[in-house]
Amino acid sequence: MIKANQNEPPKINRLETTKLIGPMVDKHWEELRLAKSRGQQNVWVAGTLYMLTSSQDIPTHFMAGYASYAAGRKVAHIYFKAAEEDYQLQDACSYHRCHMGMLTLIREGLPLPENTWIPIPDFSILSRICKEQAHYLESLSRQFGVPMIPLDLPRPYSSEHIERNVPFVEEQLKEVAIPSIEKLTGRPYNMDKLKEALVLLKKTALVRNECIDLMKNVPAPATIFDMCVSLAPIMYLAGRPGTLEYYEKLRAELEDRVGKGIAAIPGEKYRLYWDHIMMWGWLGQLSRKLASYRANIVAARYPYGMHEHAEDIDPDRPLWTLADQWVGRVYDMPEVALPYISQWVGEYRLDGLMMLSSPTCRLFNGGQLDIMDEINRKYGVPGIIFEGDMVDPHFYSEAQLDTRLEALFELIDGRRYGRAARSTSLG
Amino acid sequence: METILQKFLDITNDPYLSVREAKERLGRKVIGLFPMYIPEEIVHAAGLLPVQMWESNESITWGFSHVLSFNCALVKSVVDDGVKKKLDFIDGIAFYDTCMQARTLPFIFKRNIDIPYQETIHITDEVTNPCSRKFQILNLNILKESLEKFIGGKVTSESLEESIKAYNKNRSMLRRIYELRREKPGLLRASELASIVWSSMLMLKEEHNKLLEELLPVLEKKQMAPEEGVRVVFSGTNCMVPKMDILDILEDQGMLIVDDDFFVGPRYFANDAKENVDPIEALADRILMRRPICPTKVDAELNWGNQIIDMVRKNEAQGLVFLLVKYCPPLLCYYPDLKRLFDKADLPELMVEIEHEQISLESLKTRARAFVESIGDK
């Protein structure tokens, strides 16, 4: 029977570099919160085209970033409660409810969590990968009259879809987004600033991708939790000062570990793949739980799918680059993700799959069962599926996860011993 | 009238059987369309029989190997039907990114369900975006070309124009039936009306038009006794066929249903496609119409709640029943904004959550009865 070692605390070698992230994201959200009092505009973005305004020095919100920040700062529950009292239903996206709860508190003049809330924006940009992301900006517009720039980022089902979708998005950026931003800010759009930000993003993402490559080492020098908390410098902090330096430090620390054979999880026994967005509110608990089994998650389509093709970032074609990176290069669609996950089985020497199925977030859920089936059939790598959420505690059962993890590790062990026995008898 | 009505009910009572029979009788291959906005006219003009995919009334079993339980009833059911081979009479299927759940159906179908023709196009929901029209036209042409490859022939402008005419005729007659119900509430039970509209989604339009031509004069002439019951309007259900037994139960508790804005209702037939213009452009323009307001379309300038309240007032209704499909993100996310508006307008509202597996009908009866009585007391 596989058992977590209950007598000893799980051993995790924490990284030094990731300690720098907290102050970076705090500063970002503080700038956004104080923008109005400093006479600056601020913008909310649903989806991934935050660089359109962040590159113009406009404090810019990013939906997923803020919800995970609120969960990390332990204030999301305040928003959920307010949302529920304002008719929000629990099956709706938890990121959506998190924002709607904050809007309720603002609208009703009720107390807001100090130092974490953000004010109503001057305008918003809809550039969603996930369709649910439209609804909170529409509601923001209905409730507070905030103008919205609606952009359509069609998802790809095949390379033919990418070929036609990318030019469509580029056209919208040129014909709709830029003129609308100019109108709403009252000043010309500075394309050079966007290009500069993309130059920095490219350098940063290339270094980040080297960090991801280092996760292929056995034992791995870091955990997926380290890679997830490090996401902001290539996402909503992309192109901002300090982001390249962050990843250079991280790379140096990981290289040092690899050189010295230092594992993030000492005695690493199981190497796992994670599917879905991270459970931001449970990072510590999940990392300790897995460490207690000497298991390490070393690969995930989220966050690895974000700018994994950074070499294609072309700062001289800034609008095409945004379209290409966010329409053609993200692994949200199962058709697109499956070949990568298949490739990662060997590259990362995966033993098993952990599929988070979130009842409120449908971005990665569709096709998860078929992905598990395919990887198991083709490569003999088993998987488990368990319920949880990125930020809402309502859907997560620790007992369910424990049971399924134990089943997963037993399966992995059974297959290992079976293989070993077969090779002995054949040998 | 009962005889004519029975013809519609026969189609919808067993859609699997009626579509299979129509296919054999007409010699037309069947193309399933995932609701709501892929233009049937293009499929019809290709000499095929377009049908809007529907929810079965069987428990989900094999489908749960491919979709998780917290998907909406339609998504779960279509996958379940597919893997159980209940859709083996379908020769092709076309999808679009209706919602986050429907988005992954093409992957699941390709991997598990053997259907000769499968296409996925983009139907834009950014109806106020000035770039949308050109891209919509491009995508409709992609659908047309892939159907041409499937049939091994051309879909001509003439055949498209003919299809549009047949569809516009159908839409205009369905609109008239709705008008008649508004004028003479109780003329048809809500489930009968839903059956009339739903059968249009399952039949060759020319044949449905003939049935409507038989039915309309009868409805026009029918005299109604003074109305009884509390006047209510219905909304919700999004892309699903409303459950007939739920409509019946609600009506039987003393509700007089005077109007709705269902997809299996006005959203299906409210707007005509323009005639005597480029037919593909006409169909793209129809998709981009902002009214009736639809929660799957992005339009921050319009408010669906106002449209529903207008429907209540125009019909002098006393209340609203909102059928909320469980796990339907557009409805889940829109509902709170609607509810606040209903409260502000002092509009009595009964929200009923709809799941694939049946909800407790007894408790629904009690809730509906209490709702009717509370309105009656006002």
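**Close-up views of the pocket, helix packing and backbone**

**View 1. Helices α1 (21-34), α3 (63-72), α9 (224-229) and α11 (283-292) of chain A each supply at least two residues to the lining of the largest pocket.** This is a predicted model, in which local features need pLDDT of at least 70 and side-chain atom pairs pLDDT 80 or more, while totals for chains, interfaces and linings use all residues. Residues are numbered from 1 along each chain as written, chains are lettered from A in the order written, and side-chain values use heavy atoms without hydrogens or water. The pocket (an open set of points on a 1 Å grid where a 1.4 Å probe fits, with protein on both sides within 12 Å along at least five of seven lines) has a volume, filled by probe spheres set on the points, of about 790 Å³. Of its 35 lining residues (an atom within 4 Å of a point), I21(A), F225(A), V229(A), W280(A) and L283(A) are the closest to the centre. Helix α3(A) (helices being DSSP runs of H or I, at least four residues) gives the most to this lining, with 6 residues. By class, the lining comprises 20 nonpolar, 10 polar and 5 charged residues, with Tyr, Cys and Pro counted as nonpolar and Gly as polar.

**View 2. Helix α6 (residues 133-144) of chain A packs against helix α14 (residues 329-344) of chain B.** Their axes, fitted to C-alpha atoms over the stretch in contact, lie 10 Å apart at an angle of about 15°, which means that α6(A) is roughly parallel to α14(B) (under 35 degrees; over 145 is roughly antiparallel, 65 to 115 roughly perpendicular and the rest oblique). In this contact (heavy atoms within 4.5 Å), H135(A), S139(A), R142(A) and Q143(A) of α6(A) face P329(B), P330(B), C333(B), Y334(B), D337(B) and R340(B) of α14(B). The contact residues divide into 4 nonpolar, 3 polar and 3 charged.

**View 3. Within chain A, helix α7 (residues 159-185) crosses helix α13 (residues 318-328) at roughly 130°.** The two axes come within 8 Å, and the angle makes α7(A) oblique to α13(A). Residues of α7(A) including I162(A), V166(A), V169(A) and L173(A) meet residues of α13(A), among them L319(A), W320(A), L322(A) and V327(A). This contact has 10 nonpolar, 2 polar and 3 charged residues.

**View 4. Cis peptide bonds join V218(A) to P219(A) and Y302(A) to P303(A).** Omega is about -5° at the bond between V218(A) and P219(A), where P219(A) sits in the loop between α8 (191-214) and α9 of chain A. For Y302(A) to P303(A), omega is near 20°, and P303(A) belongs to helix α12 (residues 301-304) of chain A.

How values were computed: Axes fitted to C-alpha atoms, helices over the stretch in contact; angles between N-to-C directions.
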